[in-house]
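Hi,

Here is the structure we talked about.

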Amino acid sequence: MGVVVQKYGGTSVATIERIRHVAQRVKKTIERGHQCIVVVSAMGKTTDELVHLATQISKFPSQREMDMLLTSGEQVSIALLSMALQGIGVPTRSLTGWQAAIETDDVHGKARITSINAETLQHYLNQGEVLVVAGFQGSTNGDHGGEITTLGRGGSDTTAVALAAAVQATCCEIYTDVDGVYTADPRTVPKAQRLDEISYDEMLELANLGAGVLHPRAVECAKNNNVELAVKSSFTEGRGTRVKEGSLMERQLKVRGVAHDLDVARIKVLGLPNRSDCLSVLFTDLAAAHINVDIIVQSEHEAETMDVSFSVQEKEAERAVNVLNQQQDKLGFERVIVEEGLAKLSAVGSGMVTHPGVAATMFTTLTDAGIPIKMVSTSEIKISCVIPREHTEAAMQKVHSAFGLDAAKVEV
């Protein structure tokens, strides 16, 4: 019946009891006739605890050594789950990222998968073994042995999808602590509704904009390789949400979901010379430091100078300012201002492109609630507003209601 890839997050394997529960779920998959690859994250808050240990040693630890440290969390999980499966009569083999032949580039902490040797995986599967693979990690192809790398937070999702693509799995099931993808985070918007299906493009936007149920790179990988995803709860039985190619049928809902991101800061570069190459140089320097820039707003005050504002993750704001200050003589700007304590609120839906008035509804809703809008970004299927962080919960609930998602029939 083909290969099924299952991924279990840290919450799903947080305790020995939960690991045993996962083992029983995997056994049922095998009994239905599937071959199975299981990808697991570190147990519970293990990764956070390891990061805390590192910061007690060094304020700015080496990214290479951080990769060596953080990958140990997943190795504990794969060994324990493999033992639990063997204890109920399921032949297994636990594999680290490098043992699973997951090859990456050499960007420590944010590595990208470049290739996977599917023959190695299929060999073990054909021997009747369940493969329990450490998520979030891989290795470079070095002349003297590969360097261990990590894929960044949430990278276990990416590992699972990439493995599913490599072995041409029939489905990649992502098990988490929620029973699917919702129109908003139910913890913030109690009236949020579960979606039966959602398109790759809509899910990718929601994931990029703060919906934490799936990692953006995992959705991108699934879309590029046409891997159908199923987001399910590891604690309950249910259909969950299917993520796949969008239906050609015209949707009634112009907005399918609302997302928020609390990790936002705005950086203003004032008095930048109004030269044709200034923006290119500025953002090239930030890219070279692996700093992701999101919303960009340019404003000209005089013919000779301009101001540029852009948003970054708040945790990267200090590093971004340091990069800019180091290049001040080259760039020629007057000063840099940082504004923290912000959030990004976004509405997503493929129906936006054929339904006018989405921006007007969002702006009117926020304005009527007395919520300032500091930056705006739009595309064919999303609109985002940067607002003060303290207004996030109220803004989410009001916007969710304004687009008719509270009581909407959200199934495709």
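Below are my notes on the sheets and on one threonine.

Bear in mind that this is a predicted model: local features need pLDDT of at least 70, side-chain atom pairs count only at pLDDT 80 or more, and totals for chains, interfaces and linings use all residues. Residues are numbered from 1 along each chain as its sequence is written, and side-chain values use heavy atoms, with hydrogens and water left out.

Start with the open sheet of eight strands, ordered 3-6-2-1-9-11-12-10 with mixed pairing (strands are DSSP E runs of at least two residues and helices are H or I runs of at least four, numbered from the N terminus; two strands pair if DSSP finds at least two bridges between them). Strand 3 (92-95) and strand 10 (197-199) sit at its edges with a single partner each, so one side of each has no neighbour in the sheet. Strand 2 (residues 35-40) and strand 6 (residues 130-134) run parallel, joined by four bridges, and Ile-37 stands opposite Leu-131 in strand 6.

The other open sheet has six strands in the order 14-15-13-16-18-17, paired antiparallel. Its edges are strand 14 (296-300) and strand 17 (375-378). Seven bridges link strand 16 (residues 335-348) with strand 18 (residues 382-388), and Ser-346 faces Ser-384 in strand 18.

Lastly, Thr-158 lies in helix 5 (residues 155-166). Thr-158 counts as buried at 6% relative accessibility (buried is under 20% relative accessible area, exposed over 50%, partly exposed in between, with a 1.4 Å probe and protein chains only). Leaving aside neighbours within four places in sequence, Thr-158 contacts Ile-113, Leu-151, His-215, Arg-217 and Ala-218 (contact means heavy atoms within 4.5 Å).

Cheers
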